Amino acid sequence: MNDLCKLTARQAVDLLRKRELSPVDLVEAALSRIQEVDGCLNALPTVCADRALLNGTKIAEALPLNHEPVDYLFGLPLGIIDLK
């Protein structure tokens with residue numbers, strides 16, 4: 001498993017704010033983990049990898065230079081499951 005997937009949200013956000021980690025790194029780690037385990041779980045039937053990477057890139061470019069938080073979860077990849 002990728003070590004980035006083991007980070008807590010607080011640890012990941014701290015690394016994002018320090019620019020020691022980019023949102024793209026987190027998205028790539030999450031996509032890799034999804035590919036590893038979702039075949040047997042089928043928890044995420046629709047994965048929009050291209051959109052996630054594009055959004056991660058946009059977020060990385062928008063990170064403030066002064067490291068001030070824009071949002072508490074700014075830069076973290078999130079999985080949304082539709083339970084319809």
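Is Arg19 buried, partly exposed or exposed, and what is its relative accessible area? In this predicted model, Arg19 is partly exposed, because its relative accessible area is 38%. The protein contains 3 helices and 0 strands, and along the sequence these elements follow the pattern α-α-α. The points below begin with the protein as a whole and then turn to individual residues.

**Overall features**

- Of the 84 residues in the protein, 19% are buried.
- The accessible surface of the protein comes to about 6300 Å², and carbon and sulfur atoms account for 55% of that area.
- When contacts between residues at least 6 apart in sequence are considered, 66% of them join residues that are at least 24 apart.

**The loop between H1 and H2**

- Arg19 is located in the loop between H1 and H2, and its phi is near 60°, which is a positive value in a residue other than glycine.
- Leu21 also belongs to the loop between helix H1, residues 9-17, and H2, but Leu21 is classed as buried because its relative accessible area is 8%, under the 20% that sets the limit for a buried residue.
- With neighbours within four places in sequence left aside, Leu21 is in contact with Leu4, Leu7, Ala12, Leu15, Leu16 and Leu26.
- Leu21 and Ala60 are separated by 39 residues in sequence, while the distance between their C-alpha atoms is 9.4 Å.

- Val24 is a residue of helix H2, and it counts as buried because its relative accessible area is 18%.
- Residues up to four places away in sequence being excluded, Val24 touches Leu53, Gly56 and Thr57.
- Val24 and Ala52 lie 28 residues apart in sequence, with 8.5 Å between them in space from C-alpha to C-alpha.
- Asp38 is placed in helix H2, which covers residues 23-41, and this residue is buried yet has no salt bridge.
- The nearest side chain of opposite charge to Asp38 is that of Arg33, at 10 Å; Asp38 therefore has no salt-bridge partner, since a salt bridge requires the side-chain nitrogen and the carboxyl oxygen to be within 4 Å.
- A polar atom of the Asp38 side chain does, however, lie 2.7 Å from the backbone nitrogen of Ala43.
- Apart from residues up to four places away in sequence, Asp38 touches Ala43 and Leu44.

**The loop between H2 and H3**

- Asn42 is found in the loop between H2 and H3, and although this residue is not a glycine, its phi is positive, at about 50°.
- Asn42 is exposed, because its relative accessible area is 55%, a value over the 50% that defines an exposed residue.

Key
Residues numbered from 1 in each chain as written. Predicted model: local features only at pLDDT ≥ 70, side-chain atom pairs only at ≥ 80, totals over all residues. Heavy atoms only, no water. Helix = DSSP H or I, 4+ residues; strand = E, 2+ residues; numbered from the N terminus. Buried < 20%, exposed > 50% of the residue type's maximum accessible area, 1.4 Å probe, protein only. Lys, Arg positive; Asp, Glu negative; His and termini not counted. Polar contact = N/O pair within 3.5 Å; in protein donor to acceptor, adjacent residues only side chain to side chain. Contact = heavy atoms within 4.5 Å. Areas by Shrake-Rupley, 256 points an atom, 1.4 Å probe, with all protein chains shown as cover.
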